[in-house]
Amino acid sequence: MTAFLTARDLRVALSSRPVLHGVSLELTKGHLVALVGPNGAGKTTLLRALAGLIEAEGDVRIAGDLLSALPLRERARRFGYLPQGHLVHWPLPVRDVVALGRFPHGATDPARLSPLDADAVARAMAATDVAPFADRVVTELSGGERSRVALARVLAVEAPVVLADEPTASLDPRYQLDVMQTLRKAADAGTLVIVVTHDLGLAARFADTVLVMASGRLAAQGTPHEALSDEVLQQVFRVSAYRADYQDSGVILPWAGV
């Protein structure tokens with residue numbers, strides 16, 4: 001399959017400290033990619049570099065176009081980005097928060113959306129199951145509900161690439177599954193979804209491809225079975241794991257330090 005998002009020899013230094021060391025990758029639309037690795041491995045830095053949010057050496061191309069040559073608004077239309085934390089602190093109605101995702105398309109007033117923008121917002125709210133509280137103030141919602149609203153804002157962009165940085169952090173198991181299932185559906189509909197996660201079990205269950213980072217480099221990549229092998233888990237994460245198959249999905253549970 002033709003690569004849609006590529007990086008060649010991507011290097012990033014933060015405060016003069018090298019963080020990424022020559023990362024190269026090729027990713028395809030319609031895939032959910034899990035980006036995993038120990039703390040400090042460079043996962044968030046790679047995600048931000050792919051979206052052009054930080055300065056980086058090397059080339060990033062999306063649909064063949066050099067990222068650095070694209071205007072900022074065009075970048076914002078091609079990437080939906082969900083940062084860590086992803087909670088909204090403004091006392092706005094849920095519908096207005098989700099409508100912020102249409103800003104790259106020129107929608108500056110949530111109260112005056114075009115039919116095209118309004119349809120995109122409605123689809124995003126339906127996909128994340130937040131439509132029932134569209135008129136509620138977002139700050140009055142639970143943490144799990146707010147996380148779904150933040151994800152709906154990203155989906156409302158209708159970008160071909162969605163980058164989600166630890167979208168399931170601090171959520172209870174039900175909301176973790178809801179978020180990952182929503183992202184899985186987005187990938188199945190043709191979006192390239194890249195998810196940073198520390199949960200190897202979620203990565204094994206939902207991802208088509210797993211990228212394993214260690215010390216600013218790609219230590220392994222491939223299917224969950226390939227990239228999360230016993231050898232990789234021992235060398236990169238310093239753990240052994242319990243493995244099983246359940247309902248046609250691989251199960252990986254970190255079990256003991258090694």
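## Helix H9 and the residue after it

Helices here are DSSP runs of H or I with at least four residues, strands are E runs of at least two, and both are numbered from the N terminus. The model is a predicted one: local features need pLDDT of at least 70, side-chain atom pairs count only at pLDDT 80 or more, and totals for chains, interfaces and linings use all residues. Residues are numbered from 1 along each chain as its sequence is written, and side-chain values use heavy atoms, with hydrogens and water left out.

Helix H9 spans residues 230-237, and its buried residues are Val232, Leu233, Val236 and Phe237. They sit on the same side of H9, because they cover an arc of only 100° around the axis. That arc is taken from the directions that run from the helix axis to the C-beta atoms. Buried means under 20% relative accessible area, exposed means over 50%, and partly exposed lies in between (1.4 Å probe, protein chains only). An α-helix has 3.6 residues a turn, so residues three or four places apart point the same way. Exposed Glu231 and Gln235 are on the face of H9 turned away from its buried side.

## Helix H1

Helix H1 covers residues 43-50 and is mostly covered, with six of its eight residues buried. These are Lys43, Thr45, Leu46, Leu47, Ala49 and Leu50. Glycine 52 follows H1, and its phi is positive, near 75°.

Two strands count as paired if DSSP finds at least two bridges between them. Strands of a sheet pair through backbone hydrogen bonds, either parallel or antiparallel.

Strand E3 is largely enclosed by the rest of the structure, because five of its five residues are buried. Both of its faces are covered: Leu32, Ala34 and Val36 are buried on one side, Val33 and Leu35 on the other. E3 (residues 32-36) runs parallel to strand E9 (residues 209-214), and four bridges join them. Valine 33 has threonine 209 as its bridge partner in E9, while leucine 35 has leucine 211. E3 also pairs with strand E8 (residues 192-196), in the parallel sense and over four bridges. In E8, valine 33 is partnered by isoleucine 194.

A second open sheet has four strands in the order E2-E1-E4-E5, with antiparallel pairing. Strand E2 (17-27) and E5 stand at the edges with a single partner strand each, so one side of each is left without a neighbour in the sheet. Two bridges link E4 and E5 in the antiparallel sense. Isoleucine 62 stands opposite aspartate 65 in E5.

Alanine 63 lies in the loop between strand E4 (57-62) and strand E5 (65-66). Its phi is near 55°, a positive value in a residue other than glycine. Alanine 63 is partly exposed, with a relative accessible area of 44%. Alanine 63 and alanine 13 are 50 residues apart in sequence and 26 Å apart in space, C-alpha to C-alpha.

## Serine 170

Serine 170 is in the loop between strand E7 (161-165) and helix H6 (173-188). Its phi is near 70°, positive in a residue other than glycine. Serine 170 is exposed, at a relative accessible area of 81%.

## The largest pocket

The largest pocket has a volume of about 370 Å³. A pocket, on a 1 Å grid over the protein atoms alone, is an open set of points where a 1.4 Å probe fits, with protein on both sides within 12 Å along at least five of seven lines. Grid points are joined across faces, edges and corners, and the volume is the space filled by probe spheres set on them.

The lining has 16 residues, and Leu53, Ala76, Phe79, Tyr81 and Pro104 lie nearest the pocket centre. Lining residues have an atom within 4 Å of a point. Helix H2 (72-78), strand E6 (79-82) and helix H5 (143-156) each supply at least two residues of this lining. The lining divides into 11 nonpolar, three polar and two charged residues. Nonpolar covers Ala, Val, Leu, Ile, Met, Phe, Trp, Tyr, Cys and Pro; charged covers Asp, Glu, Lys and Arg; the others, Gly among them, count as polar.
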